[in-house]
Amino acid sequence: MITPFPERISPAELRNIYSNEGNPFYIYDEKTILEHVYKIRKNFQAIDFTLYYALKANAHGFFIKLFHRQGLNFDASSIFEVLRLVQAGVPPDRITLTSQEFPNDLAEHYKPPAHHFFYNATSISQIERFGKLFPGEAIGIRVNPGMGSGMKGKTNVAGKNSSFGIWHEDLPTAKKVIKKYDLKIKKIHTHIGSGTDPKVWSKVAKISISFLENFPRATTINLGGGFKVARNLQEEDVNMDLVGEEINRHLKDFCEKNQRKIALELEPGGFLMASSGLLVSEVNDVVSTEKGVQPFIKLNVGLNDFIRPAMYGAQHKMEIINQGEEKENYYVVGHCCEEGDTLHTKLNQPTEKEAVSLNKASLGDLFLIHGVGAYSRSMASNYNSFPLIAEFVKTTDGKIKKITRRQTIKDLTMNEIGH
């Protein structure tokens, strides 16, 4: 069983950091991350398996180097993530680029026949453009299998309403373009979203593996990531043991039936990082409107720091650190000048506030938001000219390490020109 992160860091430690920092911050637990790496690897020990980290979850160099030391490969969603990885010391042959945007400068960075990253095409036109530049090369293709597993529309990246990947019924057209440029399809890639249902995972894994029949020279199936992490009491973690059992079974059946040796790749981001993170802020104000309406807690963070609730209707566990036992229901809002800066919404309904029961709040109380290790800081912005906040890590030896300083006003304007 994975130990919850808050048990590894005391309120006194958080107060000490906050006192020294004077501002909100993110803090991550290294041990939690490593436990999640182990949890996913142990389910695929019996097959040829490579674990990737989806860099978009949190691209900080500390985590790049941590996963690099653990022997993980890396999934990049843009050419800029590729460059960031290479700059951090990751060998290009441990990087796969699967991007919605075809980079106009791809030829400057992709250097065959050796020392280059692997390219996954996500559309027929991407195959065409890659083929013109690099005929005869080995590539992968991302296929939309026709169904997904996301808990909500914005995290479901497969099915008829998703633009990700080549629609499965268009594979015959894709094969013609592949043949035209003599491309060698090494990898079939799918990604179904962030869901928990093992039955859906089993069904889509079986369908995805079946696409290998169209490409007899392919040696690898990549089933993406998207393993659901519970961020509040209403959600459940995906059962990795059960999902792993189903994936292993379908892959073994295919290999035996077709007398082929197929390697498996997975590329989680949230599963590896989400549970490791806390966003530590403070109660900046408590206000009320008319009688019968819950009071509002205003925090000194907002959608510029943490956009998941406003964007997805994601719910995260929240708590106030004080000595009180009395509870009260509050709407929790951020510091941005936006009515939509709501940090606790109805589940999957980003436009609808929902009250949450918390310790009775006083100005200056520390306020914690859990499960923010992934897709939180990486999606932050400078909206309202708020600086990006500091980041810390609690390392496996129990030390607190600062890994990002808080931005200054000078940082916010340093790239501006022409005035």
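Tutor: Gladly! One definition to begin with: contact means heavy atoms within 4.5 Å. Keep in mind that this is a predicted model.

Student: Which residues of H2 and H3 meet by that criterion?

Tutor: From H2, they are Glu30, Ile33, Leu34 and Val37, and they meet Phe62, Phe63, Leu66, Phe67 and Arg69 of H3. Sorted by class, this contact has seven nonpolar, two charged and no polar residues.

Student: Why is H2 called oblique to H3?

Tutor: The axes of H2 (residues 30–41) and H3 (residues 61–69) come within 12 Å and cross at roughly 40°. Roughly parallel needs an angle under 35 degrees, and roughly perpendicular runs from 65 to 115. The pair is therefore oblique. The crossing is also right-handed.

Student: What makes H6 and H7 roughly parallel?

Tutor: Helix H6 (residues 124–133) and helix H7 (residues 171–180) pack at about 0°, with axes 9 Å apart. Angles under 35 degrees count as roughly parallel, so that label applies to H6 and H7. Ile124, Ile127 and Glu128 of H6 make the contact with Thr173, Ala174, Val177, Ile178 and Lys180 of H7.

Student: How do you know that cysteine 336 is in no disulfide?

Tutor: A disulfide needs two cysteine sulfur atoms within 2.5 Å. For cysteine 336, the nearest cysteine sulfur belongs to cysteine 337 and is 8.6 Å away. The structure holds zero disulfides.

Student: And why is cysteine 336 called buried or exposed?

Tutor: Buried means under 20% relative accessible area; cysteine 336 has 7%, so it is buried. Cysteine 255, at 17%, therefore counts as buried too.

Note on methods
Residues are numbered from 1 along each chain as its sequence is written. This is a predicted model: local features need pLDDT of at least 70, side-chain atom pairs count only at pLDDT 80 or more; totals for chains, interfaces and linings use all residues. Side-chain values use heavy atoms; hydrogens and water are left out. Axes are lines fitted to C-alpha atoms, for helices over the stretch in contact, and angles run from 0 to 180 degrees between N-to-C directions. Helices (H or I, at least four residues) and strands (E, at least two) are DSSP runs, numbered from the N terminus. Angles under 35 degrees count as roughly parallel, over 145 as roughly antiparallel, 65 to 115 as roughly perpendicular and the rest as oblique. A crossing is left-handed if the near helix is turned anticlockwise from the far one by less than a right angle, and right-handed if clockwise. Ala, Val, Leu, Ile, Met, Phe, Trp, Tyr, Cys and Pro count as nonpolar, Asp, Glu, Lys and Arg as charged, and the others, Gly among them, as polar. Buried means under 20% relative accessible area, exposed over 50%, partly exposed in between (1.4 Å probe, protein chains only).
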